[in-house]
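Work through these exercises with the sequence and the 3D view side by side. Try each task before reading its solution.

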Amino acid sequence: MDKIDGYEIQKTILFETGYGFALGCVPGMPEKSAVWNFTQTACGRDYYHKSCHASRDGAQEDFRRRERDYRMLYGRREKTGHSAAVFYRYYSTQRPVDIATYPQPEGNSPVMIVNYNEDRRRPVAGGRLYAWGEILYPHPLTKEQMEDYELKPAPDP
């Protein structure tokens, strides 16, 4: 069972995009709960967007809301076994993802865009990179597209 900031992760959901949510509690203090977003990478899970709650019920409701909103927004399924789709993850290491800061090649539109909404870059990919956000594509980008927009591919396992 994962531990983050003194919280034990009790429940997670992972979508086919490698994006998910986690619910955790402080051991022995179930009323002290939190919910995170996370990205599953070859290096493990990168947790961010933590929200603390004064009750487990509040945290569970937050977890359900995030899951429901994600399904409605992106229409993605929960990852099960090896039936998940393959996506290509790129990190925006120089700026938050915004209009005109990422390539939109014909036939390869982004599947998902995530800004970490922090005041600085955060470590990703097991601490190997620092990024403002990430973008998922159904097909790989060319080297030129990555260089033009200063994107870094997620490291191989």
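**Exercise 1.** Which residues of the largest nonpolar core touch the most other members?

Solution. Start with the term: a nonpolar core is a set of buried Ala, Val, Leu, Ile, Met, Phe, Trp, Tyr and Cys residues joined through side-chain atoms within 4.5 Å. Buried means under 20% relative accessible area, exposed means over 50%, and partly exposed lies in between (1.4 Å probe, protein chains only). The largest core has 21 residues, and Y19, F21, Y91, Y116 and V124 touch the most other members. Next, find the elements that give two or more residues to this core: β3, α1 (56-74), β7 and β9 (129-131). Helices (H or I, at least four residues) and strands (E, at least two) are DSSP runs, numbered from the N terminus. Apart from this core lies another, of ten residues, including Y7, I9, W36 and F38.

Before going on, note the basis. This is a predicted model, where local features need pLDDT of at least 70 and side-chain atom pairs count only at pLDDT 80 or more, while totals for chains, interfaces and linings use all residues. Residues are numbered from 1 along each chain as its sequence is written, and side-chain values use heavy atoms, with hydrogens and water left out.

**Exercise 2.** Give the strand order of the open sheet of five strands.

Solution. The order is β1-β2-β3-β4-β5, with antiparallel pairing. Two strands pair if DSSP finds at least two bridges between them. Now look at the edges. β1 (3-4) and β5 (44-53) each have a single partner strand, so one side of each is left without a neighbour in the sheet. I13 stands opposite F21 in β3.

**Exercise 3.** Locate R121 and list its contacts beyond four places in sequence.

Solution. R121 sits in the loop between β7 (112-115) and β8 (122-124). R121 is partly exposed, at 35% relative accessible area. Contact means heavy atoms within 4.5 Å. On that basis R121 meets T93, Q94, Y130, A131 and W132. The R121 side chain also reaches the backbone oxygen of T93 at 3.0 Å.

**Exercise 4.** Where does D5 lie, and where is H49 placed?

Solution. D5 lies in the loop between β1 and β2. D5 has a positive phi of about 50 degrees, although it is not a glycine. H49 is in strand β5, and its phi is near 55 degrees, also a positive value in a residue other than glycine. Most residues other than glycine have a negative phi. Finish with exposure: D5 is exposed, at 57%, while H49 is partly exposed, at 23%.

Note on methods: A polar contact is a pair of N or O atoms within 3.5 Å; within protein, one must be able to donate a hydrogen and the other to accept it, and residues adjacent in sequence count only if both atoms are side-chain atoms.
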